[in-house]
Amino acid sequence: MKWRYFLFQLKAFLINPKNIGLFIATVIMSLYFSLVSVPNRQVIEQVDAKPIGKEYIDDTAFLKVARQEIAYSKKPGYDYIPSKGAVDAVSTYPQVLSYDKKILLAIKKKAWDAYAKYASARYQYIDELIFVEGNQNFLYPAAYNQNDNFKQDGHFGYQRTYHLYNALLAGKKDKQTELNKNILEERTALQVIQNSLSGWTVLIMVVIVCFFAADIVTNDRKYYTVLENIPLSKRTILWLKTGVVEVGVLLDFVVAGIIALLCIAPRYGLGSLRLNTVDYLGKINFKATFRTETLGMYYLQFIIFAIIISFIFIRLTILLSIVLRNEYVAGMLSSLFAISAKMLYFSLGMGFVYPFLEKWPMTYFSIGDSITGNLAYLMDAPGWGFTAGLGPLICLALVIEILLFLFTQIKSIPLVRRGD
Amino acid sequence: MKRTYFKANFTIARKSKKNILLMGALVLFMVLFVLVVEAQNLGDNYRQWRSYYDSLEVNISYFDSSLLRKQEYKETYDNLNAQEGCIFSLQNGEVLSDPQTYLDGSITLFQTMLDGYHNNYLGASTLNVPPKYQLHQRLVTYKYLYHHRIPAVMNSKASATYLIYILNFVAIFIFFYILLISNDVWMVKLDHDTVLRNIPYRVEDEVKGKTMINLALTLGPLLIGLVGAYLFAGLRNGFRSLNYPNVFYFNKIIAIPVWLDCLLFLLYTAVLVVFVTSLTLLLNQLTKNVYLTTFIGIALYVLTYLPAKMLKFIVWLPSAYLNVNDVLNGTVASKTGFAGLNLVTSGCILLVWSFILIIWFRYLVNKGGIAR
């Protein structure tokens, strides 16, 4: 009986015009992402010989002028103080130029290991000069500026690139994952999807889950006479309905994922789950700390969060549709709950001021933000990652389950009424 | 009969749980969002200035220490130094509590920032300079403040500045609110065909009635929300004059008092309600599904996010005019390159589309009836 009921519900779910609309919408979004958004994505640290070569020529010319200025100041009988820019250039440019030369050679030879090694050292060196020593001969690229805090944003960007290149090099040594230009620019399908699965993208996916589940209970009004005397308990019916939505959601997102992979991989490569990536842990002892993990581990954490969060939203929407007896209100309320954190407190430094936000489950609904550590950066406090999020999410799921249990115990509240 | 039928329809719409939730959420959001503005310092001009000043300093230092690497950077260097001078001047006004000096300094600064675009700030790669049209918007606002001797408010939490903040915010998504209110506008008729079939009511009257209902369900909560927002923010953070300016575009960017801005916003929203009602009537009749009606409506709005070069080819579609904020502040005109696209022309385009959609809807109803 259970199996037949499940199949009946699954069939009704799959031919529901609303769900077909949601499937089509997801496919269109996936196509837009892979064919428009990804090719136009701005890579800040491009592996490109042209700008590096131009900078190399410019810096070499400036170093020459700076050396002349210093020599002039040292001439006996001249009371001349050289400019700070010239003094700094003489002490720092030779090192930077030496890195640039090695980087240009590595690009020419397509020796990506060497590129990663010297570029990483260069980022670390220049970051130290700008952030620690306040050297004004160098600037962070403007594209890092996300939060009206360009020095912090630039420092975070350079540190992430430095740690990422080191992590990729370590992966090459340990797991023999070959490097190439697309991997270094994080353009391969698995890397670009990893970087995109956060913020509003994930929240829109959660809203889609809410609307998949919105009418799963109330739709039974259409088959009221058929389902009225079905020999299944209310809780069993709700579990079967939850399973149906889970299958539908899984199907929808797997299809969207496959489309994205098929569109991106031929152009930029698939990447590998064994490739290393980095996640930010926060400032520990005043130092930006990054942890290395594989893309496979990242996706595993993402899937665990995704399963828990989609379960939460399916059950929450079902609970709301039983209590409020209105599918639109249920869908809208759970959607509002999904975006509440992003709307209300996703702003630089909020976690430092209000540390209790780390315990709120809404903080983790955008998934990628917490797993990559970008949330720890935004909140300006360590933590806010996978392990910090598991507790609040499981607690929320349990609260919803308890409420569902209580409501299904009340006989005067049927799943659907004839007059609904 | 007409009056009774209209009343019955209005009661159904007013008592719909979905509509109650939407109206309640809109009013609460408009009134209480000031708490979020306070907590996150949203729209804090001081913070924005500090950030800009920091990036200005760094870029000037970069040019200083690099001994003006190239001669073509000199124009940028001079401009940045002039900007720094203006910031000192407005800071003097701030310290000495002299609003006119502050405003004078700000106006000169905006003009200097606009001048910097002559060579596109060549060499100042990390300067956080706002886009040109935003500078024009700020310039007209500060000129208005200067001429009307209104002290500038440096945050968005005082009564008038919060009203401007929330008005600009709500104007971005009010289309979605109307769409959700209206997405089942014709479904009542389709769902209760046998009961309603023989009521002597013409399609034109149905359209008028539904439009009136949606106007009431949209403009009522909006008005309550705007008044509530002004009062609540005023009680918490002090009242400011309703003559405080906001940016408005007609044939050029100008500043108008916020009370007039509210009126124009409500007027344009009323036109938008007429359009969305006719759109949802047609989509309900075509798809017989509330969700599909909503998704197609959303798809129409999403078209506004096409790149600017593509947007100019779809100016004849209603999509570009669904974001009220973009219409009122001139972003539509700026993005498409058609200077004539203002509140009036946008409203006319939406009304023409409403007329076409209603004709189509009437044809479908007369041809196929309303059976589901």
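How many residues of domain 1 of chain A are in contact with residues of domain 2 of chain A? The first view takes up this point. This is a predicted model, in which local features need pLDDT of at least 70, side-chain atom pairs count only at pLDDT 80 or more, and totals for chains, interfaces and linings use all residues. Residues are numbered from 1 along each chain as its sequence is written, and chains are lettered from A and ligands numbered from 1 in the order in which they are written.

**View 1. Domain 1 of chain A against domain 2 of chain A.** Here 18 residues of domain 1 touch 16 residues of domain 2 (contact: C-beta atoms, placed from the backbone, within 7 Å). Domain 1 covers 2–41 + 190–409 and domain 2 covers 49–186; the bounds come from an automatic or database domain assignment. Their centres, taken over C-alpha atoms, lie 40 Å apart. On the domain 1 side, helix H8 (189–196), strand E1 (276–284) and strand E2 (287–294) of chain A each give two or more residues. Helices (H or I, at least four residues) and strands (E, at least two) are DSSP runs, numbered from the N terminus. E1(A) supplies the largest share, four residues.

**View 2. Helix H6 of chain A and the residue after it.** H6 runs over residues 150–175 of chain A. Its 26 residues should span 38 Å at 1.5 Å a residue, and the end C-alpha atoms are 36 Å apart, which agrees. The expected span is 1.5 Å times one less than the number of residues. Gln176(A) follows, with a positive phi near 55 degrees.

**View 3. The largest nonpolar core.** This core has 111 residues. A core joins buried Ala, Val, Leu, Ile, Met, Phe, Trp, Tyr and Cys residues through C-beta atoms within 7 Å; buried means 20 or more other C-beta atoms within 10 Å of a residue's own. Tyr115(A), Val206(A), Val209(A), Ala213(A) and Phe313(A) have the most contacts inside it. Helix H12 (residues 295–324) of chain A gives the most, 14 residues. Leaving out residues up to four places away in sequence, Val206(A) touches Ile309(A), Phe313(A), Ala338(A) and Phe365(A). A second, separate core of 88 residues includes Ala13(B), Tyr165(B), Cys262(B) and Leu343(B).

**View 4. Chain A meets chain B.** In this interface 28 residues of chain A are in contact with 25 of chain B. Helices H2 (17–37), H3 (49–74), H4 (84–109) and H13 (327–344) of chain A each supply at least two residues to the chain A side.

Methods. Buried ≥ 20, exposed ≤ 12 C-beta atoms within 10 Å, placed from the backbone. Contact = placed C-beta atoms within 7 Å.
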